[in-house]
Amino acid sequence: MAKQTERSSGSSRRSFLAGAAAGIAGSALPVGAQVAAQAPTTQEIRTDVVVVGGGIGGLTAAVCAQKAGARVVVIEKAYEPGGTTAHSEGGVANSTYEDMRANAPEGDPDVQRTVSENVDKWGELMRSLDAPVGGGEKPGAGMSIAPVMWVNFMVRTIESGGGKVLVETPMLRLLTNRQEEVIGVLADSPKGLIRILAKAVVLATGGWMTNATLVQQHITRHFGSLRQRNASFYDRKPPFLGDGLFAALQLGAQPSTGGFDSFYGHLLPARPGKITNPMSNWSAYFSPWCVAVNRFGRRFTDEAQGKLTGRQMTRQGEQMCVQEVARQSDAMAAYVYDDIVYKQYACENCGLGGIDKYIAYKMSGAPTAMANTLTELARQMEDWGVGMSAELIVRDITEYNQAAKNGKTWALPVPKTSAKHALAVENPPFYAILGQAGITSTHGGIRVNTLGQVLHRSGKPIPGLFAAGVDIGNFNNCTYLGNLTLGAGYGYVSGNNAAKQPAPKGGWGASPTTSA
Ligand SMILES: Cc1cc2nc3c(=O)[nH]c(=O)nc-3n(C[C@H](O)[C@H](O)[C@H](O)COP(=O)(O)OP(=O)(O)OC[C@H]3O[C@@H](n4cnc5c(N)ncnc54)[C@H](O)[C@@H]3O)c2cc1C
């Protein structure tokens, strides 16, 4: 994992507890409200650009700002940089704007255009730096990072260029002067509170998927049953509470115009199933061909909804399905399929994940079932003890099978609209895996313009404030375009533009409302 910088081993627990307390007591409160009772500032640093968050959005922004001539400081809440980026598969899509519009038509066109126009520039920069990035030589060919190596490489690049990467140093709030220009951040470091004064701040804190209040308000009331599929899952990694979003809102920023009610994630083994790395082992890409039933045994959603065809349809259908799973009781569902679906889409050699999902879920300890008749499969599912009714399972699947054979699944009480995916579950053996929705990242966030500047409610940019990565809202909406792509594209844009930010006209004196 990335080199530890400016670390103090004794501070990690204190930082963690501070973060946890903020989550319980103030999860829906502005970040600044959480530090009122703390000790006075003990240190001050001056720089040109301070970047908040050490994932792909933040590290890209820092390197770009540095290459453009700025002094940079990155502050990272965790004991090491990398965030969810370090736990990803590393695929950086470079889809065209038209593809993005087709895949996520409810998303923000300006944000999508900006990403599509800049992700290849990011790729060129990475190649010029000799970073561990593959592909991208041809337009649209897709790129990939070697996640941990890439994070280490970026940290070394920043440090060897004279920048700093401060770990266990969460941003507490933004600092502004009397003219409401951003002049830096107040952070909690292992050595005490620290004021980092800068001409520009780039927010890249990775989203709000562990903020119970926000997730319950916008995504699902079954927050407590969701499984986290991001850096917060790992030992001592602090939660994603939406620190960037709240800090921006506190200054009057606009939330994105959409995306708050959807998320990126995949199915994970239901508890007590044990999740191990790589988390992508559990992704049920084949779900559009399944019948999904909730924990009572009822079919509840169109498993193959979406607007696309071919492989994309599969991916997007799976994305839509897992979001519906999140809204079911216990954020839980069983995917039921037969031998045809198993052999074509869910086995080790199917190309959709390269792993036998039935075996993977069974080995994790999650409930699974396999039988030669639907009645026996349903009986086994009832025995899981989660509330499934064998009678209802058989009734719903029999009704679905009848409609599939007649080509009329669109007319079911819960329709399945893609005829191609509406296969009857009729070829034994039959399989069922029990999963819970895993949330990787949120889609709603801060509204930015094409320069990466955070927009005020008035429509004007907030002077000195930029964002990158998942903190930016409405790039994805319902369907998923790729957050490494978002981090790469806007890291590039915001880093370069933050480096051009002039010194604040109103000087470096903090306004009474934000002074430490
Ligand atoms: C198993 C898996 C596979 C994936 N594969 C892909 C893939 O192939 N392609 C793809 O596009 N996406 C993929 N993703 C998603 C993608 O990796 C993430 O959504 C993306 O990396 C997020 O980048 P980010 O920079 O916005 O946030 P992060 O990488 O999470 O970085 C944000 C950082 O900010 C820090 N932070 C939070 N609050 C504060 C604060 N107050 N002060 C300072 N620091 C703070 C966090 O600790 C974190 O380190 C995958 C995710 C997972 C889990």
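Modeller: Happy to, keeping in mind that this is a predicted model. Let's start with helix H5 (residues 147-160), which lies across strand S3 (72-75) and S7 and runs at about 125 degrees to S7. Another helix, H13, packs on the sheet as well, where it touches strand S2 (49-52), S11 and S19. The direction of H13 makes about 140 degrees with that of S19.

Now for the sheet itself. It is open and mixed in its pairing, with six strands in the order S7-S3-S2-S11-S19-S18. Strand S7 (164-166) and strand S18 (453-455) are at the edges; each has a single partner strand, so one side of each is left without a neighbour in the sheet. From one strand to the next, the twist averages 30 degrees. Within the sheet, strand S11 (residues 200-203) and strand S19 (residues 461-467) run parallel and are joined by three bridges. Here valine 201 stands opposite leucine 465 in S19.

H13 (residues 483-499) also has a helix partner: helix H4 (residues 109-129) packs with H13 at an angle of about 85 degrees, and their axes are 7 Å apart. That angle falls within 65 to 115 degrees, so H4 and H13 are roughly perpendicular to each other. On the H4 side the contact includes Val111, Val115, Trp122 and Leu125, while H13 contributes residues including Leu486, Tyr490 and Val493. The residues of this contact of H4 with H13 divide into 10 nonpolar, four polar and two charged.

Note on methods
Residues numbered from 1 in each chain as written. Predicted model: local features only at pLDDT ≥ 70, side-chain atom pairs only at ≥ 80, totals over all residues. Heavy atoms only, no water. Axes fitted to C-alpha atoms, helices over the stretch in contact; angles between N-to-C directions. Helix = DSSP H or I, 4+ residues; strand = E, 2+ residues; numbered from the N terminus. Parallel < 35°, antiparallel > 145°, perpendicular 65-115°, else oblique. Contact = heavy atoms within 4.5 Å. Nonpolar A, V, L, I, M, F, W, Y, C, P; charged D, E, K, R; others polar. Pairing = 2+ DSSP bridges.
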